[in-house]
Amino acid sequence: MRIRTLLSAAVTAVALVVAGAGVADAATGPGPAGADRAGAPTRYLGMFRDGEPATVATEVKTLYDVTPASVMWFDSWASGKPFPVDQARTLWRQGIMPHYTWEPWNTALGPNDPGQIHLTDIINGTWDSYITARAREFAAVRLPILVRWGHEFNGNWYPWGVANNNTDPALYVGAYRHVHDLARAAGARNVQWVWAFNNGSSPDEPYNDPALAYPGDKYVDWVGIDGYNWGFGPSWDPAADHWTTFDATVASAYAKARAIAPRRPVMIGEFASTEDGGDKAQWLRDMDRSLRSGNYPDLKLLTYFDVTKEEAWSPGSSPAALDAFDTWVHRRYMGGRGAELARVAPHYARSGR
């Protein structure tokens, strides 16, 4: 789809948001693009790289000769930084939907530090002025944006995790709803809210079942999953083999997502494979084959974690992996664009799929 068509669809979305439409009505027209010739449902490529969002979009085009449907970035509450309205608008001018991972913590403090942000602080209103200020900036974009708040809450590595908040999932639900409601009251009706859990709970205890922390369809537009192929000897378990296929990484979590919220689309908010302990290129080819076969039909957005951090996640970690990644992102079924992506969640909300 050419940029003129993308911008036309984006302008339609702007008009509806300005007219006061809610998130579920922020884009109109037909449902998301249909199946490709092989019968695979259309998927949308998301990318995360370090750097300014608009710069990342340019880098992805240069490196992989593809324009992603979305670009994702992170920000922590304690940074106090405003939401980059101009960057978000620049992304939309390129036909790319902004994807903002909004983390309620101070990155300089440990998860259980007394000075850290915890869920009761949010519920009690300590951060209301900050939330409202950011929400007004969301609204100023006047185009749909994805906001992934408090992701991986079923892990014990973030201060907003259920495990670090009296093992009480109701606190997470209360904080999520509080943030959502304040944002909507401030006019941020262009936000599509992403509720995202890790593909495995840590600790794996009954209280940490993601289903117990679901805020409800009224508060969620997308269900997200994070999952990585950690391979052999990750930093958190140096002597163990954690190599898993793409299907083994996502299948169980996808089934859980569909059981929890069958009227919401699914995304993978973060995923990648290491090179350690197996064949990364084959991992990517197997993923491509699984997606082309029509598996996970409600999995619409896949955001690749293109950095070398704990592991060599980037597609260019080897020539073979880069070739496999390049083949995947240029498949016909991966042809969805940002304006189409913005219509996916409203389509599900209206039709149940």
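Select Trp127 and Tyr130 to begin: both are buried, where buried means under 20% relative accessible area, exposed over 50% and partly exposed in between, with a 1.4 Å probe and protein chains only. Their rings form an edge-to-face aromatic pair, 5.5 Å centre to centre with 90° between the planes. Rings of Phe, Tyr and Trp (its six-membered ring) pair if their centres lie within 6.5 Å; planes under 30 degrees apart count as stacked, over 60 as edge-to-face and the rest as tilted. The structure holds 42 aromatic pairs.

This is a predicted model, in which local features need pLDDT of at least 70, side-chain atom pairs count only at pLDDT 80 or more, and totals for chains, interfaces and linings use all residues. Residues are numbered from 1 along each chain as its sequence is written, and side-chain values use heavy atoms, with hydrogens and water left out.

Now show the whole chain as a cartoon. Ten helices and ten strands make up its secondary structure elements; these are DSSP runs (helices H or I, at least four residues; strands E, at least two), numbered from the N terminus. Of the 353 residues, 55% count as buried. Contact means heavy atoms within 4.5 Å; among contacts between residues at least 6 apart in sequence, 79% join residues at least 24 apart. The chain exposes about 13,600 Å², of which carbon and sulfur atoms supply 51%, by the Shrake-Rupley method with a 1.4 Å probe, only the protein chains shown counting as cover for residues.

Next, select Trp102, Trp149 and Trp328. In the largest nonpolar core, which has 105 residues, these three touch the most other members. Helix H6 (residues 169–185) gives the largest share of this core, seven residues. A nonpolar core is a set of buried Ala, Val, Leu, Ile, Met, Phe, Trp, Tyr and Cys residues joined through side-chain atoms within 4.5 Å. Centre on Trp328: leaving aside residues up to four places away in sequence, Trp328 touches Leu45, Phe271, Met287, Asp288, Leu291, Leu302, Tyr333 and Met334.

Move to helix H7, residues 246–260. Its end C-alpha atoms are 21 Å apart, which agrees with the 21 Å that 15 residues should span at 1.5 Å a residue; the expected span is 1.5 Å times one less than the number of residues. Colour its buried residues: Phe246, Thr249, Val250, Ala253, Tyr254, Ala257, Arg258 and Ile260. Their cover includes strands S5 (191–198), S6 (222–229), S9 (266–273) and S10 (299–305), as well as helix H8 (280–292).

Go on to the loop between S5 and S6, where Ser202 lies. The peptide bond from Ser202 to Pro203 is cis, with omega near 0°. Ser202 counts as partly exposed because its relative accessibility is 25%. Not counting residues up to four places away in sequence, Ser202 touches Asn154, Gly155, Asn156, Trp157 and Asn208.

Most residues other than glycine have a negative phi, and most peptide bonds are trans. Glu152 counts as buried at 6% relative accessibility, whereas Asn166 counts as exposed at 65%.
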